Amino acid sequence: MDTLLVSHRACLEHATPDGHPECVDRLRAVLGALEAEEFMMLQRVEAPRATHEQIARVHTPELIEIVEGGIPAEGYRRVDADTFLSPGSYEAALRAAGAVVYAVDEVMAKRARNAFCAVRPPGHHAEPGTSMGFCLFNNIAIGAMHARVVHGIERVAVIDFDVHHGNGTQAAFETDPSLFYASTHQWPLYPGTGRASERGLGNVLNACQPPGTGSSAFRESFVEEVMPALRSFQPGFIMISAGFDAHAADPLANMNLTEDDFAFATAELVRCADDLCEGRIVSALEGGYDLGALASSARAHVRALMLTM
């Protein structure tokens, strides 16, 4: 079984205003990086649309209606201070969530060993009733709920190494003991959630990283905090919110990681999945706003998914 790469050209049609950090060039950079010869073994599939039923496992009907009904005929419509709808946004959001659902199906069917979903808009800030933080629907949470409801996976874990706390995923998970969420975000930083004291029902771990955190401290936190908690949870499926904005070159935060750190974290998660849940991992793109750092980090992440045994 090979690693699966799921994307869709519609994700390039979600437009944001000039100068916005979450721009179409982000996905172009990631897909371009994965055209290198070493990635020719990737299975490449276009994402289907997520259905309303799949999205509604995480989001309220009211939010789905707001996103679908708010699409402008031209130009942009503001959702919050930094989140926008454009004519192509709803289709992109359906394909982004659908990519993760499809990847879960393929991994569960053993047609793929694991998967990376190269999609936008990102998802981890989208709460059950609110789109925010560049995110319309919570792609990774929708995929996690699909794994549980459709495939009967009793315990699903999401590990989030984006530099920003995934408030939306935490909000969707924190009252359900069959779901686990761990985040290694910079603190303090947008969106202001994710204090270490936020524990849910004991199923939430916020491994806060101070500004300036570099490789050594990040890896120590990942090995000594995140991995023991994940192994103790005994997941049947591991999902990754793969944000690369903790890179030292990223303009939206102040951590000092390199692409090797993302490869390290990915390899740790793959080994855990191999030990606990038959290697089942699905990863989805979240943040990362320096195009060069984003491309190199995505390469390192996917390389680790492909090569770690």
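Predicted model: local features only at pLDDT ≥ 70, side-chain atom pairs only at ≥ 80, totals over all residues.
Contact here means heavy atoms within 4.5 Å.

Let's begin with Thr184. Thr184 sits in the loop between strand E7, residues 179-183, and strand E8, residues 204-206. Is Thr184 buried or exposed? The cut-off for buried is under 20% relative accessible area. Thr184 comes out at 2%, so Thr184 counts as buried. Now its neighbours.

Next, another loop residue, Ala10. Ala10 lies between strand E1, residues 3-7, and helix H1, residues 24-33. Its relative accessible area is 8%, so Ala10 is buried too. What does Ala10 touch, again not counting residues up to four places away in sequence? The partners are Gly88, Glu91, Ala92 and Arg95. Take Gly88. In sequence, Ala10 and Gly88 are 78 residues apart. In space, their C-alpha atoms are 7.2 Å apart.

On to a helix pair. Two packed helices are described by the angle between their axes and by the distance between those axes. Our pair is H4, residues 89-108, and H5, residues 139-149. Their axes come within 8 Å. They cross at roughly 35°. The crossing of H4 past H5 is right-handed. Which residues meet? From H4: Ala93, Ala96, Ala97, Val100, Val101, Val104 and Asp105. From H5: Asn139, Ile140, Ile142, Gly143, His146 and Ala147. By class, the contact of H4 with H5 holds nine nonpolar residues, three polar and one charged.

Now step back to the whole chain. It has nine helices and 10 strands. Along the principal axes, the C-alpha trace spans about 50 × 45 × 40 Å.

How much of the chain is buried? Buried residues make up 59% of the 309. As for surface, the chain exposes about 11100 Å². Carbon and sulfur atoms supply 51% of that area.

Last, contact order along the sequence. Count contacts between residues at least 6 apart in sequence. Of those, 75% join residues at least 24 apart. Back to Ala10 and Gly88 for an example of sequence separation: 78 residues.

How values were computed:
Residues numbered from 1 in each chain as written. Heavy atoms only, no water. Axes fitted to C-alpha atoms, helices over the stretch in contact; angles between N-to-C directions. Helix = DSSP H or I, 4+ residues; strand = E, 2+ residues; numbered from the N terminus. Left-handed = near helix turned anticlockwise from the far one by under 90°. Nonpolar A, V, L, I, M, F, W, Y, C, P; charged D, E, K, R; others polar. Buried < 20%, exposed > 50% of the residue type's maximum accessible area, 1.4 Å probe, protein only. Areas by Shrake-Rupley, 256 points an atom, 1.4 Å probe, with all protein chains shown as cover.
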